[in-house]
Amino acid sequence: SDGVQVHGQLFERAGGGDDKPAIIFAHGGPPRQMLLGWHYSDYYSNAYALNQYLANQGYVVLSVNYRLGIGYGHEFHRPPNAGDEGAAEYLDIVAGGEYLQSLPQVDPERIGIYGGSYGGFLTAMALARDSDLFAAGVDIHGVHDWTTGLDQRDSYERAPDWEEALEVAWQSSPVAYMDGWRSPVLLIHGDDDRNVQFSQTVDLVQRLEEHGVQYETLIIPDDTHHFMRHANWVRVDAATAEFFDRIFGMEGR
């Protein structure tokens, strides 16, 4: 919507009807680039496999290489007003959702989103800011509040515009838009995560409770941000697919 061209990869099984549910996949990082094949990172090789699986089950899946990622030049990788300074990259996720809505074979009422880490952040943003577009989501160890820890710094470390920066960080956070969050969500997090604080998910659960939003949780005990056990990756992937199947009525097909 602001003139930035964004690339993605569409996963779709041949055939099927004209009312397929669709899913956006938002990668983590955010300095990553999703590839047209198996990724050199095991984390994203797993995501590629899940995207293929979901497509084979009848979903249309769009993996979005949103701004902040690599492979499209310095300006794309280091855009203004991104991250905790405005979340401009979220515009690319919305554009992906609107693209899926425009496809004749997609049911515009059944568009979901999932992702891990930074992709979990973007999933939460999508559900909080655009529940009319994104009907369900799976948020895997995502960041939900950019101000966490920032307002605890000693005053002598703060710049003259610290309060303004704190407000911008808050407005760049999913939790700032809880009043608009209506879509159901599955939250997945390992309780020994050293990259994204487990408290980010605990805090979001309390906010979802207060706002009466439908949510489910899958907590992976004694595992990290990257799920060191293969069995846990299988569990996370199966839970993601089952959640979308149940919400979008794809069970037993």
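Reply: One definition to begin: a residue counts as exposed when its relative accessible area is over 50%, and as buried when that area is under 20%. Note also that this is a predicted model.

Me: Is N195 buried or exposed?
Reply: N195 sits in the loop between β6 and α6. The cut-off for exposed is over 50%. The relative accessible area of N195 is 52%, so N195 is exposed.

Me: How many helices and strands does the protein have, and in what order do they run?
Reply: There are seven helices and seven strands. From the N terminus on, the order is β-β-α-β-α-α-β-α-β-α-β-α-β-α.

Me: How compact is the protein for its length?
Reply: The C-alpha atoms fill a box of roughly 60 × 40 × 35 Å along the principal axes. For 253 residues the globule rule gives 18 Å. The radius of gyration is close to that value, so the protein is as compact as a globular protein of that length, at 18 Å.

Me: What share of the residues is buried?
Reply: The accessible surface comes to about 11,800 Å², and carbon and sulfur atoms hold 48% of it. Buried means under 20% relative accessible area. Of the 253 residues, the buried share is 53%.

Me: What does I93 touch, beyond its neighbours within four places in sequence?
Reply: I93 is one of the residues with the most contacts inside the largest core. Leaving those neighbours aside, its contacts are I24, A26, V64, Y66, I113, L122 and F134.

Me: How many residues are in the second, separate core?
Reply: Among its members are F11, A47, A239 and F243. At 1% relative accessibility, F243 counts as buried. The size of this second core is 31 residues.

Me: How are the rings of F121 and W146 arranged, and how far apart are these parts in sequence?
Reply: The whole structure holds 13 aromatic pairs. In this one the ring centres are 5.2 Å apart and the planes stand at 65°, so the pair is edge-to-face. F121 is buried, at 0% relative accessible area. F121 lies in helix α4 (residues 118-129) and W146 in the loop between β5 (136-140) and α5 (162-171), so the pair ties together parts separated in sequence by 25 residues.

Me: What kind of pair do F243 and F244 form?
Reply: F244 counts as buried, at 0% relative accessibility. The two rings are 6.0 Å centre to centre, with 65° between the planes. F243 and F244 form a pair that is edge-to-face.

Me: Which residue lies over the face of Y177?
Reply: The distance from the ring centre is 5.1 Å. The residue is R129.

Key: Residues are numbered from 1 along each chain as its sequence is written. This is a predicted model: local features need pLDDT of at least 70, side-chain atom pairs count only at pLDDT 80 or more; totals for chains, interfaces and linings use all residues. Side-chain values use heavy atoms; hydrogens and water are left out. Rings of Phe, Tyr and Trp (its six-membered ring) pair if their centres lie within 6.5 Å; planes under 30 degrees apart count as stacked, over 60 as edge-to-face and the rest as tilted. Helices (H or I, at least four residues) and strands (E, at least two) are DSSP runs, numbered from the N terminus. Buried means under 20% relative accessible area, exposed over 50%, partly exposed in between (1.4 Å probe, protein chains only). A charge sits over a ring if NZ of Lys or CZ of Arg is within 6 Å of the ring centre and within 35 degrees of the ring normal. A nonpolar core is a set of buried Ala, Val, Leu, Ile, Met, Phe, Trp, Tyr and Cys residues joined through side-chain atoms within 4.5 Å. Contact means heavy atoms within 4.5 Å. The radius of gyration is taken over C-alpha atoms; the globule rule is 2.2 Å times the number of residues to the power 0.38. Accessible areas come from the Shrake-Rupley method with a 1.4 Å probe; for residues, only the protein chains shown count as cover.
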